[in-house]
Amino acid sequence: MKLILASSSPRRRDLLNQVNIKFELREQQTDESRVNITDPVEKVKVLSELKSYSTALHDSEVILTADTVVSKDGIIYEKPKDLAHAREMIRSLSGATHQVLTGCMLRSQHEEEFIISKTDVTFYELTDEEIDSYLQYGDHLDKAGAYGIQSQGAVLVREIHGDYNTVVGLPLAEVVRALNEWRE
Ligand SMILES: Cc1cn([C@H]2C[C@H](O)[C@@H](COP(=O)(O)OP(=O)(O)OP(=O)(O)O)O2)c(=O)[nH]c1=O
């Protein structure tokens, strides 16, 4: 069984490499903006499914796709459109708890499995100066919720409840455990 990671996210690659999982990368292009779903669980499920079904799949391969969103008070935060949008996102996450949801899909020609993982993240109360000083790194650009917990965004976070890697973009332990069962 050959694992194919259909993702352009460097974080997802790094996480699999961290635990020595062998995989190949495959291109996948899904227009995420066309998916208009307001429920975060449903959203990450549909997006990881779409990403999976827009990837070529051959014999004895398993395709892994994932989608991460931030959710707070019924609002979904994806990647920010620009600096002003990023500032607005971090401001509304300041001093409060939000959820990070990552959905993953494992798919072969015979089977599919969906994994969803949620982690609560609480931000410190942030001043406008602190927010601007964070945004100057450009760390926010390609990340859901406009921050990266694994990079400069670490200083924004007071505490988390749940799996850390889910925030980074992949519930690594759950995915590896599921893959081990697929291999049996
Ligand atoms: C909250 C948070 C998100 N992120 C990232 C993980 C994801 O890469 C990104 C959310 O975008 P996604 O649409 O989930 O993924 P992607 O577009 O980067 O890659 P692909 O669809 O090709 O798999 O936000 C972090 O790196 N750190 C964080 O703390």
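A residue counts here as buried if 20 or more other C-beta atoms lie within 10 Å of its own, as exposed if 12 or fewer do, and as partly exposed in between, with C-beta atoms placed from the backbone. Keep that scale in mind, and we can walk through the structure together. What you have is a predicted model, in which local features need pLDDT of at least 70 and side-chain atom pairs count only at pLDDT 80 or more, while totals for chains, interfaces and linings use all residues. Residues are numbered from 1 along each chain as its sequence is written.

Let us begin with the overall layout. The protein chain has six helices and seven strands; these are DSSP runs, H or I of at least four residues for helices and E of at least two for strands, numbered from the N terminus. Read from the N terminus on, the elements follow the order β-α-β-α-β-β-α-β-β-α-β-α-α. The radius of gyration is 17 Å, close to the 16 Å that the globule rule gives for 184 residues, so the protein chain is as compact as a globular protein of that length. This radius is taken over C-alpha atoms, and the rule is 2.2 Å times the number of residues to the power 0.38. Along its principal axes, the C-alpha trace spans about 55 × 35 × 25 Å. Of the 184 residues, 37% count as buried. Among contacts with a separation of 6 or more, 68% come from residues 24 or more positions apart, a contact being a pair of residues whose C-beta atoms, placed from the backbone, lie within 7 Å.

Now to the interior. In soluble globular proteins, nonpolar side chains tend to be buried together. The largest nonpolar core here has 39 residues, and Leu64, Ile90, Cys104 and Leu170 have the most contacts inside it. Such a core is a set of buried Ala, Val, Leu, Ile, Met, Phe, Trp, Tyr and Cys residues joined through C-beta atoms within 7 Å. Strand S3 (residues 61–72) gives the most to this core, with six residues. To see how Leu64 is placed, leave out residues up to four places away in sequence: Leu64 then touches Leu3, Ile4, Leu5, Ala6, Cys104, Leu106 and Val175.

Strand S3 also holds Glu61. Is Glu61 buried, exposed or partly exposed? Glu61 is partly exposed, because 17 other C-beta atoms lie within 10 Å. Beyond its neighbours up to four places away in sequence, Glu61 touches Lys2, Ile4 and Ser108.

The C-alpha atoms of His58 and Lys2, 56 residues apart along the chain, are separated by 9.6 Å.

Asn20, in the loop between helix H1 (10–18) and strand S2 (24–25), has a phi near 55 degrees, a positive value in a residue other than glycine. Asp73, in the loop between S3 and S4, has a positive phi too, near 45 degrees. Asn20 counts as exposed because it has 6 C-beta neighbours inside 10 Å, and Asp73 counts as exposed with 7.

Ala178 is partly exposed, since 18 other C-beta atoms lie within 10 Å. Leaving aside neighbours within four places in sequence, Ala178 is in contact with Leu106, Glu113 and Ile115.

Finally, turn to the ligand. Of the 24 residues around the ligand, Ser7, Ser8, Ser9, Ile149 and Gly169 come nearest, where a residue is near a molecule if its C-beta atom, placed from the backbone, lies within 6 Å of it. S3 and helix H5 (164–168) are the elements that give two or more residues to this shell, and the largest share, four residues, comes from S3.

Methods
Contact = placed C-beta atoms within 7 Å.
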